[in-house]
Amino acid sequence: MSVIRSALKLRSAPLAARAISTSAPAAFAQPSSEATPSAGKKPQMKEFKIYRWNPDTPSEKPKLQTYKVDLSQCGPMMLDALIKIKNEMDPTLTFRRSCREGICGSCAMNIDGVNTLACLCRIPKDTEKSSKIYPLPHMYVVKDLVPDLTLFYKQYKSIEPYLKNDNPPAQGEFLQSQADRKKLDGMYECILCACCSTSCPSYWWNQDTYLGPAVLMQAYRWIADSRDAYGAQRKEKMQNTMSLYRCHTIFNCSRTCPKGLSPAHAISLLKLEMATDKDQAHPVTA
């Protein structure tokens, strides 16, 4: 009973005010003058030209807006510069970001002519040359640096990117040999950032019918999986002139992948699988 009475007293006692310290920025950034550099640090002003377009004002054409950032007061990555611009200079700047570690793929954009992740792209130290930042190319733009990935994810959904097997083991999980597991390396790491697909000329011109490098690599990832029992059906869906065979091995996809993967290699294995009509993958050595 004494324990219950003590608990009741605690519940009825007024809560004491508690000071909370946070490093989070204010809810709405306010335009400010350039930050004053720390003592002993020489200002390093770099110019960033960023693509801007607002759907709320459709009569205004897209433009490049210029911002100057002191690199001595900024983190080393392009995403750091974008966050600094949004927090301290222009709260209307819109872009996607989440993990800041190259895991989520949210901050994919075209930086200085290369599709990459802003969180993994270092800011060039050359302050004489401006950096240009655009949304991923040949995609509809939602606003500023935010592309519309609706079609991209619809295509990803169409390949049924999950294990399909109607005969699960009596107990435990599906077993897989080390050799079979190794076949998935270089494919399962894909974060679906769309950098590769939006760098592919074939995808630019045929994205309504051609699946593109990212989706094709994931399609082969499940065809190559020894635990999956629907390889034949998956390959049957590719038996047309557009879904797979619009790939002309340009290799833009492998050059631009921020995770260092090679969609072009996976597509070549998929083409081999289709040509030989084998149920299991046969890796190709250079």
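**Helices, burial and contacts**

Me: Which hand does the crossing of α3 and α6 have?
Reply: The crossing of α3 and α6 is right-handed. A crossing has that hand if the near helix is turned clockwise from the far one by less than a right angle, and is left-handed if the turn is anticlockwise. The model is a predicted one, in which local features need pLDDT of at least 70 and side-chain atom pairs count only at pLDDT 80 or more, while totals for chains, interfaces and linings use all residues. Residues are numbered from 1 along each chain as its sequence is written, and side-chain values use heavy atoms, leaving out hydrogens and water.

Me: What counts as a helix or a strand, and how many of each are there in the chain?
Reply: Both are DSSP runs numbered from the N terminus: helices are H or I, at least four residues, and strands are E, at least two. The chain has nine helices and seven strands.

Me: What makes α3 roughly parallel to α6?
Reply: Their axes come within 9 Å and cross at roughly 15°. Axes are lines fitted to C-alpha atoms, for helices over the stretch in contact, and the angles run from 0 to 180 degrees between N-to-C directions. Under 35 degrees counts as roughly parallel, over 145 as roughly antiparallel, 65 to 115 as roughly perpendicular, and the rest as oblique. The angle therefore makes α3 roughly parallel to α6.

Me: Which residues of α3 and α6 meet?
Reply: F152, Q155 and Y156 in α3 meet A214, V215 and Q218 in α6, where contact means heavy atoms within 4.5 Å. These residues divide into four nonpolar, two polar and no charged. In that count Ala, Val, Leu, Ile, Met, Phe, Trp, Tyr, Cys and Pro are nonpolar, Asp, Glu, Lys and Arg are charged, and the others, Gly among them, are polar.

Me: Why does Q155 count as buried?
Reply: Buried means under 20% relative accessible area, exposed means over 50%, and partly exposed lies in between (1.4 Å probe, protein chains only). Q155 has 6% relative accessibility, so it counts as buried. Apart from its neighbours within four places in sequence, Q155 is in contact with Y203, Q207, Y210, L211 and V215.

Me: Is T256 buried or exposed, and what does T256 touch?
Reply: T256, which lies in helix α8, has a relative accessible area of 10% and is therefore buried. Not counting residues up to four places away in sequence, T256 touches V114, N115, C195, C196 and S199. The C-alpha atoms of T256 and N115 are separated by 6.1 Å, although the two residues are 141 residues apart along the chain.

Me: What makes the pair of T256 and N115 a polar contact?
Reply: A polar contact is a pair of N or O atoms within 3.5 Å; within protein, one must be able to donate a hydrogen and the other to accept it, and residues adjacent in sequence count only if both atoms are side-chain atoms. The backbone oxygen of N115 lies 2.6 Å from a polar atom of the side chain of T256.

Me: Why is α2 also described as largely enclosed by the rest of the structure?
Reply: Eight of the eleven residues of α2 (residues 78-88) are buried, so the words apply. The buried residues of α2 pack against β1 (45-52), β2 (63-70), β3 (108-111) and β5 (131-134).

Me: Why does R100 count as partly exposed?
Reply: R100 is at 45% relative accessibility, so it counts as partly exposed. R100 is found in the loop between α2 and β3, and has a positive phi of about 65° although it is not a glycine.
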